[in-house]
Amino acid sequence: MGGILEKGEDYKTEFKEKVDKSLAKEIVAFANSSGGQIYIGITDENKIEGVDITNELKSQIEDIARKCDPKIPISLQVIQKEKILIVEVKESKDRPHRCSSGFYIRSGASSQKLTRDEIWGFMEEEELFRFDRQICKKFKLKEHFDKEKLFSFMDRTRVEYRVNPLFFGLKSCHFCHN
C-alpha cells in the first residue's frame, strides 16, 4: 500500500474515505476515460482510515454502477489487513456513460463534469456517432434525392425491392410493373 499512498491520486487513481453520492461520478469518469481504481477507505490526504467491508457495502457499490446509463461493469477487491475496498473500473467500449448528476471524464487527478458542447466534442473525438443514425437536417427530398440513381444502384447490387410509385411521384413503376 505504501507505493500507492506515496503516489497519491492521479489520472487512474482516486481515494474516497467512504461511499457517498460522488462515487457514481468517479465510476462514470473512469469508464469514459482510460479506466482506473477507486480506493475506498483512504482519505484525500492519503491516510488509511479503512471501512467496514460488508456484503451490504459491496451491493451498494454494485448498485451505483448498475444505475449508471448505460450500466458500468466493475470489479471489487478487498485488502483485508487495511480494510480497503478497491473498485476497479475498466475503460468502457460502451461510452459515453452518465450518472444522475451528468457526464464526467477524468482530467488529471479529478473528475470533471462535461458541458453539452463538451459531450458533443467527446462523442465526435471518440467517433461515437453512428453514420446510419445521423440526420442531415439540410436534406430536401425533392431537391437532393435522385430516384434514377437509387434505381440504378438497386439494379447493380441486385437487391430485390418493390417501389410504391406514389412515393416517388410516378404514375407507374417500371420495376414492379405497376
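# Report on a predicted chain

Glu49 is partly exposed, at a relative accessible area of 41% (buried is under 20%, exposed over 50% and partly exposed in between, with a 1.4 Å probe and protein chains only). The model is predicted, so local features need pLDDT of at least 70 and side-chain atom pairs count only at pLDDT 80 or more, while totals for chains, interfaces and linings use all residues. Residues are numbered from 1 along each chain as its sequence is written, and side-chain values use heavy atoms, with hydrogens and water left out.

## Overall architecture

The chain holds 6 helices and 6 strands (DSSP runs numbered from the N terminus, helices being H or I of at least four residues and strands E of at least two). Read from the N terminus, the order of these elements is α-β-α-β-α-β-β-β-β-α-α-α. Of the 178 residues in the chain, 34% are buried. Among the contacts with a separation of 6 or more, 57% join residues 24 or more positions apart (a contact means heavy atoms within 4.5 Å). The accessible surface of the chain amounts to about 12,300 Å², and carbon and sulfur atoms contribute 49% of that surface (Shrake-Rupley method, 1.4 Å probe; for residues, only the protein chains shown count as cover).

## Salt bridges

Side chains of opposite charge can pair when their charged atoms come close. The whole structure contains 10 salt bridges (a side-chain nitrogen of Lys or Arg within 4 Å of a carboxyl oxygen of Asp or Glu). Three of these pairs are listed below.

| Salt bridge | N to O distance |
|---|---|
| Arg106 and Glu14 | 2.9 Å |
| Lys16 and Asp20 | 3.6 Å |
| Glu49 and Lys47 | 3.4 Å |

In the salt bridge of Arg106 with Glu14, Arg106 belongs to strand S5 (residues 104-107) and Glu14 to strand S1, so the pair ties together parts that are 92 residues apart in sequence. Arg106 is buried, with 4% relative accessible area, and Glu14 is likewise buried, at 7%. The two also belong to a network of salt bridges that links Glu14, Glu26 and Arg106.

The partners in the pair of Lys16 and Asp20 fall into separate accessibility classes: Lys16 is buried, with a relative accessible area of 9%, whereas Asp20 is partly exposed, at 33%.

Thr13 lies in strand S1, which spans residues 13-16. With a relative accessible area of 3%, Thr13 is buried. Leaving aside residues up to four places away in sequence, Thr13 touches Ile4, Lys7, Gly8, Phe30, Gln37, Tyr39 and Arg106.

Helix H1 covers residues 2-7 and includes Gly2. Gly2 is partly exposed, its relative accessible area being 39%. The C-alpha atoms of Gly2 and Asn46 are 9.9 Å apart, although 44 residues separate the two along the chain.

## A nonpolar surface patch

Phe139, Leu141 and Phe145 make up a nonpolar patch on the surface, and their accessible area together is about 260 Å² (patches take residues with over 30% relative accessible area and no salt bridge, joining like charges within 9 Å and nonpolar side chains, namely Val, Leu, Ile, Met, Phe, Trp and Tyr, within 5 Å). One of these residues, Leu141, sits in helix H5, which runs over residues 141-144. Leu141 is partly exposed, with a relative accessible area of 43%.
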